Amino acid sequence: KADLGDVDGGELSSDMTRLSLDEGESYNEPVWPKPRGWESSSIKQISKHFHCQAYARDRVKPLPTLQDWRLFQSKYKEFVDETHTFDDPAPPTMGYTLNGGPPLFYAKRSPYGRGRGLFASRDIKKGELTHDG
């Protein structure tokens with residue numbers, strides 16, 4: 001099995017919590033180092049290596065930026081479906097449209113210290129479709 005020892009004594013380092021690339025970095029360069037033997041690692045081993053549980057519980061991590069979303073979209077096209085188009089008129093940082101209307105919700109930091117969340121951008125009627133994918 002792969003050697004997936006802890007990084008920095010099991011704590012997240014500051015550059016492991018970022019999503020965006022610094023100026024001069026390429027999307028083709030990994031932000032995090034791959035563990036040795038990652039090709040034969042289980043999801044659980046990779047999750048431990050990258051401290052996914054600690055990251056998921058982090059209530060101060062930033063929301064993805066437009067640059068982050070562009071990276072996600074380019075990697076989706078690269079690895080999943082090169083023909084897919086991201087043609088929503090709303091930028092991904094503002095939610096997404098449904099049936100041609102404005103986004104029904106948006107992401108922001110909770111004013112109550114609970115981290116990030118989705119918030120309705122208008123009143124939503126009982127039974128109204130809010131997501132179709």
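Two strands pair if DSSP finds at least two bridges between them. Helices (H or I, at least four residues) and strands (E, at least two) are DSSP runs, numbered from the N terminus. In this structure, Phe105 stands opposite Ala120 in strand S2. The model is a predicted one, in which local features need pLDDT of at least 70 and side-chain atom pairs count only at pLDDT 80 or more, while totals for chains, interfaces and linings use all residues. Residues are numbered from 1 along each chain as its sequence is written, and side-chain values use heavy atoms, with hydrogens and water left out.

**Overall make-up**

- The chain holds 3 helices and 2 strands, and their order along the sequence is α-α-α-β-β.
- Of the 133 residues in the chain, 18% are buried, where buried means under 20% relative accessible area, exposed means over 50%, and partly exposed lies in between (1.4 Å probe, protein chains only).
- The accessible surface of the chain is about 10000 Å², and carbon and sulfur atoms hold 54% of it. Accessible areas come from the Shrake-Rupley method with a 1.4 Å probe, and for residues only the protein chains shown count as cover.
- Among contacts in the chain with a separation of 6 or more, 51% are between residues 24 or more positions apart; a contact means heavy atoms within 4.5 Å.

**The strand pair**

- Strand S1 covers residues 105-109 and strand S2 covers residues 116-120; the two run antiparallel and are joined by 5 bridges.
- S1 and S2 form a hairpin, with 6 residues between them.
- Gly113 lies in the turn of this hairpin and has a positive phi of about 75°.
- Tyr106 has Phe119 of S2 opposite it.
- In a regular strand the side chains alternate between the two faces of the sheet.

**The second largest pocket**

- The second largest pocket contains about 510 Å³ of space.
- Its lining has 22 residues, and those closest to the centre of the pocket are Trp69, Pro92, Thr93, Gly95 and Tyr96.
- Helix H3 (66-79) and S1 are the elements that give two or more residues to this lining.
- H3 gives the most to the lining of the second largest pocket, namely 4 residues.
- By type, the lining residues of the second largest pocket are 15 nonpolar, 5 polar and 2 charged. Here Ala, Val, Leu, Ile, Met, Phe, Trp, Tyr, Cys and Pro count as nonpolar, Asp, Glu, Lys and Arg as charged, and the others, Gly among them, as polar.
- A pocket is found on a 1 Å grid over the protein atoms alone, as an open set of points where a 1.4 Å probe fits, with protein on both sides within 12 Å along at least five of seven lines; lining residues have an atom within 4 Å of a point.
- Grid points are joined across faces, edges and corners, and a volume is the space filled by probe spheres set on the points.

**Residues in the loop between H3 and S1**

- Met94 is located in the loop between H3 and S1, and its relative accessible area of 49% makes it partly exposed.
- Leaving out residues up to four places away in sequence, Met94 touches Pro103, Phe105 and Tyr106.
- Met94 and Tyr106 are 12 residues apart along the chain, and their C-alpha atoms are separated by 5.5 Å.
- Pro89 is also placed in the loop between H3 and S1, and it counts as exposed because its relative accessibility is 70%.
- Between the C-alpha atoms of Pro89 and Gly101, 12 residues apart along the chain, the separation is 10.0 Å.

**Residues in the loops between helices**

- His51 belongs to the loop between helix H1 (43-49) and helix H2 (52-57).
- The phi of His51 is near 55°, a positive value in a residue other than glycine.
- His51 has a relative accessibility of 9%, so it counts as buried.
- Pro64 sits in the loop between H2 and H3, and with a relative accessible area of 21% it is partly exposed.
- The C-alpha atoms of Pro64 and Thr93 are separated by 7.3 Å, with the two residues 29 apart along the chain.

**The segment after S2**

- His131 lies in the segment after S2, and at 47% relative accessibility it counts as partly exposed.
- Not counting residues up to four places away in sequence, His131 touches Tyr96 and Leu98.
- His131 and Thr97 are 34 residues apart along the chain, and 9.3 Å separates their C-alpha atoms.
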